[in-house]
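Welcome! Here is a short tour for anyone meeting this structure for the first time.

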Amino acid sequence: MIKKLPVANISLRFIRVWSRNLTVYKKIWLVNFLVPLFEPLLYLAAFGVGLSTFIEKVPYHGKDLPYLDFIAPALIAITIMYNAFFENTYASFVRMYYQKTFDAIMATPLSLEDVITGEIVWGATKALIATVIMLAVISLFGLVSYPEGLLILPLAFLGGLFFGTVGMSFTGVIPSVDMFNLPIFLFITPMFLFSGTFFPVSGLPQWAQTLSTVFPLTHLVDLSRALCQGNLQPGLLWSVLYLMLSTAVCFPLALILMRRRLIQ
Amino acid sequence: MTETRTNIIEAINLRKAYNGFVAVDGVSFNLLKGECLGLLGPNGAGKTSTIRMLYGFSPMSGGILRVFGNDIEVGLRQIKSRLGVCQQENNLDPDLSVLENLQVFARYFNIPRKETRDRALQLLKFIALDHRKDDKVMSLSGGMMRRLVLARALINNPDLLILDEPTTGLDPQARHQVWERLEMLRANGLSILITTHYMEEASRLCDRLIIMDQGKILVAGEPADLIEQYAGDHVVEIVNPDDEVRELVESRGFMHDSLEHRIIIYGKKAERLFEVVGEQFCRQTCVKRMASLEDVFLRLTGRELRE
């Protein structure tokens, strides 16, 4: 039997899986909208009103940035990461393991790779929808510069794809749903804290700074912040490239791990 | 007509091994157009493993498998677009309503949206669930869910229906509801492959049976022929038989199974078992009955517990 590359099994029918998830999402759209709508308000209230009385300015590319301007783009980046990662871990795992939704779909003309691709693209879409809502809220506070800020939308999709492929790779190997705590503790939480989200990386020791450049979230935060500030520089392309390459590595990995898990 | 002799499934020397365990060990069979073929066997016989290979769920370890004349390793997507599959587990979509379950499933087959609704409503009527179309699937009873799984498998007008233990776990009423639907489909000429360990189901629905055990085919044939060959026509069961009975059975050379507290004697029509054995020895705990598929099954696969 000739071994085909996993990506060779993908067809456009993956859109059917995406649209299945959209159908379900639309059923409780209001609940789905509330979180990205109010979460930034909570963060901005806590950090903006509470914390910014202690921290007025943060150094950013040789300028001093008001603290709200500093963290607002990071909140967007974190939302992208959370939405895609949680969708392709917990939510995908429930559909795969408890609901057997993947099993049912695989008995139709769709391949396993179609299903997984549809799930990942859906995770990125969910990250994009949340970003649209959040961007609108943050814009009301005058924290986003336009038109550069619009580029955050394709960025949200790219970031969503990346964190979705990482999440799906974990879904491919995790024995039980409770075990997701581990990758969250080891992977998501350190990034949440040390990717230049709530304080600049430059305040950390050198080794930690180096480590943080490996974190994909650091690059997502940098890009989001630059776009919100309207401060586009050629060096940002490295961050885009880094996210793209990481996605290009993790996507086939997710396909391989899921095939190993589900096809016996 | 020669057309009715077309092979829908052609399996040659099919093998499936995983983790050092051979689940299917050189199975060959075919399913003709318009036929209902039953795969029988105790748990772990390899029934499910065999049909999972048919819809590409598990890659074959060896052998040749053609469905609709296409090799499964080449044309899987085309083959699956013409299949209807009822898996063993109820994997309806709990996030969707009854009607949506059918509509969303139709999308996987690229069925145009306009056709889908009519077709879905028609199928809901067929399974007598049209009054529950907007309900959540989790609110349905086990039998209703099973019927909905059947309707879902029919959404693409399949040329072959694959059913993996379609009535396991259902109460008698629900089971008969499913059987009635399957009989209608069969009467319309749909080709069906069914796995089951209910003998009643097999003898009622199937034109031809394959009895499997430990990954191999033991026998294949029409239900009536199998019964005649392996269990005769009449059966007499005697509890706590005395030596006289055992001697008679031995001397006459009757087909029989001698258990610890029971002897089961199988007789062909001409052997007039009821008269010869029955009248003389059937005093207290004794059963006279017709031979059934269950006799065949137990005689071939043994009476020990599985798993």
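Predicted model: local features only at pLDDT ≥ 70, side-chain atom pairs only at ≥ 80, totals over all residues.

**Chain B as a whole**
- Chain B holds 11 helices and 14 strands.
- Along the principal axes, its C-alpha atoms fill a box of roughly 75 × 45 × 45 Å.
- Chain B has 307 residues, and 51% of them count as buried.
- Taking the contacts in chain B between residues at least 6 apart in sequence, 68% join residues at least 24 apart.

- The size of an interface is often given as the accessible area lost when the parts come together.
- Here the area buried between chain B and chain A is about 2600 Å², and carbon and sulfur atoms give 54% of it.
- F57(B), R77(B) and Y108(B) supply 30% of the area that chain B buries against chain A, more than any other three residues.
- Chain B brings 27 residues to the contact, and chain A brings 27 residues.

**Two packed helices in chain A**
- Helix α3 (residues 67-98) and helix α7 (residues 181-194) of chain A pack at an angle of about 170 degrees, their axes lying 12 Å apart.
- Because angles over 145 degrees count as roughly antiparallel, α3(A) is roughly antiparallel to α7(A).
- Residues of α3(A) in this contact include I78(A), F85(A) and Y90(A), while those of α7(A) include P183(A), F187(A) and F192(A).
- The residues of the contact of α3(A) with α7(A) comprise 12 nonpolar, one polar and no charged.

Conventions:
Residues numbered from 1 in each chain as written. Chains lettered and ligands numbered in written order. Heavy atoms only, no water. Axes fitted to C-alpha atoms, helices over the stretch in contact; angles between N-to-C directions. Helix = DSSP H or I, 4+ residues; strand = E, 2+ residues; numbered from the N terminus. Parallel < 35°, antiparallel > 145°, perpendicular 65-115°, else oblique. Contact = heavy atoms within 4.5 Å. Nonpolar A, V, L, I, M, F, W, Y, C, P; charged D, E, K, R; others polar. Buried < 20%, exposed > 50% of the residue type's maximum accessible area, 1.4 Å probe, protein only. Buried area = accessible area lost by both parts, 1.4 Å probe.
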